[in-house]
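Reader: I would like to go through this structure with you before I set anything up. Could we take it topic by topic?

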Amino acid sequence: MSPKTPVVGLLGGGQLGRMLCESGAPLDAQIAVLDAENCPAKQINNNRHHVTGSFKDPVKIKELAANCDILTVEIEHIETEVLEEIDTNGVQVRNADGTTTNKKVAIHPSWRTLRLVQNKYEQKEYLKNQGIPIAEQMAIESGDAMLASMGEASEKFGFPWMLKARKDSYDGRGNFKISNQKDLEQAVKEFGNLSCYAEKWVPFELELAVMVIRTEDDSGKMKRVVPYPVVETVHEDNICSKVFMPPRNVSENVCKKAQKVATSVVEKLWGRGVFAVEMFLTKEGDIIFNECAPRPHNSGHASIESVPYMSQFKAQLTAILDEPLPEVLEPHVSSSIMINILGGADPDSHLPLVEKAKSMYGSRTAVYVHLYGKESKPSRKIGHITVTGFGSIKDLEAFAQPLLKMVDAIRQERLQASSKALRVQAAPTPGNPKVAKGNPLVLVTMGSDSDLPVLKAGIDILNQFGVPWEVDITSAHRTPAKMAQVAIDAADRGIKVIIAAAGGAAHLPGMLAAYTPLPVIGVPVKATHLDGLDSLLSIVQMPRGVPTATVAINNSTNAALLAIRFLGAFIPDLLEKMKKYQLEMEHQVKDKATTLRDIDVDAYLAKMGKK
């Protein structure tokens, strides 16, 4: 690519970001990543435009935008308000003369698409009104009215039916199958504070998926949609485990029907890029839309080898940069199987599988191993294996049997060990300073699930330091009895610090502090009115005798760092990690100062992309 190629900013640097960077490297694409320092994408991509921090943090998102010309995403759970602000007003950059100007930054896919798909109920309602076939659904009331609302759903749909969270659900999380009357009460306990919807049970035969490339002009008018071949996805334990191309025992007519539904879905959305459309195939041969992900997706990984001239990752860059695309996407092989490498019961459980895959060769088959540079944890996606062939999918499945059997054995060991992993361990003490993974030290709680995006940045920090945590919703106004009990029980359960977020009147942190002897850190959340100032004052103005630490509005990062400092007082390992963290910040500032002295102001601003 020429030196004038735009810098692409990527929100999220996990395995999808890593493979995007791998695909962009031969093209000399400049991809700047916002994520943790050693995230998988940054491990293979040295870029001066990178930003370290959480892709949930609006301040960091604006910092990345100032370094880029185009923003794209690795995950759809991004705060769309800041993306809308950047799209509408641009982002401020400082000029060499000290003045500031607004820089225009394109966002693909559009924040409109991201906002829509974040709420699965609204996503399906919108697409239903656009003529897309979906399973029948209805809204479920939350709080005290939830049980009655679910009773209405039971009468309407009969058993079984699916209770689903509208937001922040993926890989099966946020779903609850309602099989009988007894399940209703359990569902209230687990989902009572979430915004949910009911979905009629779809007795599907297979799950199908189609990746679709979408392009549009600068005015937002769609130009083209180009579908990839249909694949069959297999889920185990609510996680995609295998993907078959072509789908097994599915006719060509059904595949064409699935492609038509998928392209129809993507035509109704906004922005450029690749979109994953997941669907159900019923025994009658009907295609029912399930959900859409506006980004590269697990179901499209095999395209790296099966469609090498335009993998889904190359397509993401090609589309958002508005470069030429092929008329059709034809695979270079007859069949492919993608096998996810999921973390097993032990950190090295997957190693024999990887070694076996490396040893397999055939005259008409090939095996490709992709590892993501991630620590192995049970059920975590740490890599994938793609097997391709020039024969039938049946023949290829027979060739891949050794790998499929090993994957199943890893899964069985993981399931057998899961009960042990869930046992509560002794809380760390000055005499037992090792942090136990199974025992939460920090309770992260909020007054509403709408506060979760704000808290995600702090949760990322806790994960970065290896601090075990748990999350809950405890409204000071809607569930006062539960809130009080949570606070009273926290210390006895081994919790050492509480982080509590709330907007508006923001009574939650102070009320928790009134009930617990533990330190409470309040995170004021910017609500619709008063820009969060009301929340800040409600927390910081606690009366004498009820101390409640307070951080800046929406700054859960500092809340997590403060919690780690509390813990570091009696856990030496965390104290050392905090010292290292502070030292790294110091080195970053010194390095920037040295560079500024060496290359002068104008050159430094040009290096930052702000001149």
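Author: The answers below go through domains, charged pairs, backbone geometry and one surface patch. Please keep in mind that this is a predicted model.

Reader: Understood. Which domains does the assignment give for the chain?

Author: The assignment gives domain 1 (7-108), domain 2 (136-200), domain 3 (205-419), domain 4 (442-570) and domain 5 (579-609).

Reader: How far apart are the C-alpha centres of domain 2 and domain 3?

Author: Those two centres are separated by 30 Å.

Reader: On to charges. How many salt bridges does a search of the whole structure find?

Author: The search returns 27 salt bridges. As background, side chains of opposite charge can pair when their charged atoms come close.

Reader: Let us take Lys128 first. Which residue does its side chain meet in a salt bridge?

Author: Its partner is Glu125, with an N to O distance of 3.4 Å. Lys128 is partly exposed, at 40% relative accessibility.

Reader: And Lys482, which residue is its partner?

Author: Lys482 forms a salt bridge with Asp472, at 3.1 Å from N to O. Lys482 belongs to helix α16 (residues 480-490) and Asp472 to strand β22 (residues 469-473), so this pair ties together parts that are 10 residues apart in sequence.

Reader: What about Glu576 and Lys579, where do they lie?

Author: They are in helix α20 (residues 572-607), three residues apart, and so about one helical turn separates them.

Reader: Which residues are linked in a network of salt bridges?

Author: Asp218, Lys223, Arg272 and Asp322 are linked in such a network.

Reader: Asp322 interests me. What is its phi?

Author: Asp322 has a positive phi of about 60°, although it is not a glycine. For context, most residues other than glycine have a negative phi. Asp322 lies in the loop between α11 (312-320) and β18 (335-342), and it is partly exposed at 31% relative accessibility.

Reader: Let me also ask about Asp28. Where is it, and what is its phi?

Author: Asp28 is placed in the loop between α1 (15-24) and β2 (31-35). Its phi is positive, near 60°. Asp28 counts as exposed because its relative accessibility is 53%, and the exposed class begins over 50%.

Reader: Staying with the backbone, what is the omega of the peptide bond from Phe159 to Pro160?

Author: That bond is cis, with omega near -5°. Pro160 is in the loop between α7 (146-157) and β9 (161-165). The peptide bond from Met245 to Pro246 is also cis, again with omega near -5°. Pro246 is found in the loop between β15 (239-245) and α9 (252-267). In general, most peptide bonds are trans.

Reader: New topic: Lys56. Is it buried or exposed?

Author: Lys56 is buried, because its relative accessibility is 10% and the buried class lies under 20%. Lys56 is located in the loop between β3 (51-52) and α3 (58-67).

Reader: What does the side chain of Lys56 reach?

Author: It reaches the backbone oxygen of His77, at 2.2 Å. Beyond its neighbours within four places in sequence, Lys56 is in contact with His77, Ile78, Glu79, Pro453, Lys456, Ala457 and Asp460.

Reader: Last item. Which residues make the nonpolar surface patch?

Author: Leu530, Leu533, Leu537 and Val540 make a patch of about 380 Å². Val540 is in helix α18 (residues 533-540) and is partly exposed, with a relative accessible area of 45%.

Notes:
Residues numbered from 1 in each chain as written. Predicted model: local features only at pLDDT ≥ 70, side-chain atom pairs only at ≥ 80, totals over all residues. Heavy atoms only, no water. Patch = residues over 30% accessible without salt bridge, like charges linked within 9 Å, V, L, I, M, F, W, Y side chains within 5 Å. Areas by Shrake-Rupley, 256 points an atom, 1.4 Å probe, with all protein chains shown as cover. Salt bridge = Lys/Arg side-chain N within 4 Å of Asp/Glu carboxyl O. Helix = DSSP H or I, 4+ residues; strand = E, 2+ residues; numbered from the N terminus. Buried < 20%, exposed > 50% of the residue type's maximum accessible area, 1.4 Å probe, protein only. Domains from an automatic or database assignment. Polar contact = N/O pair within 3.5 Å; in protein donor to acceptor, adjacent residues only side chain to side chain. Contact = heavy atoms within 4.5 Å.
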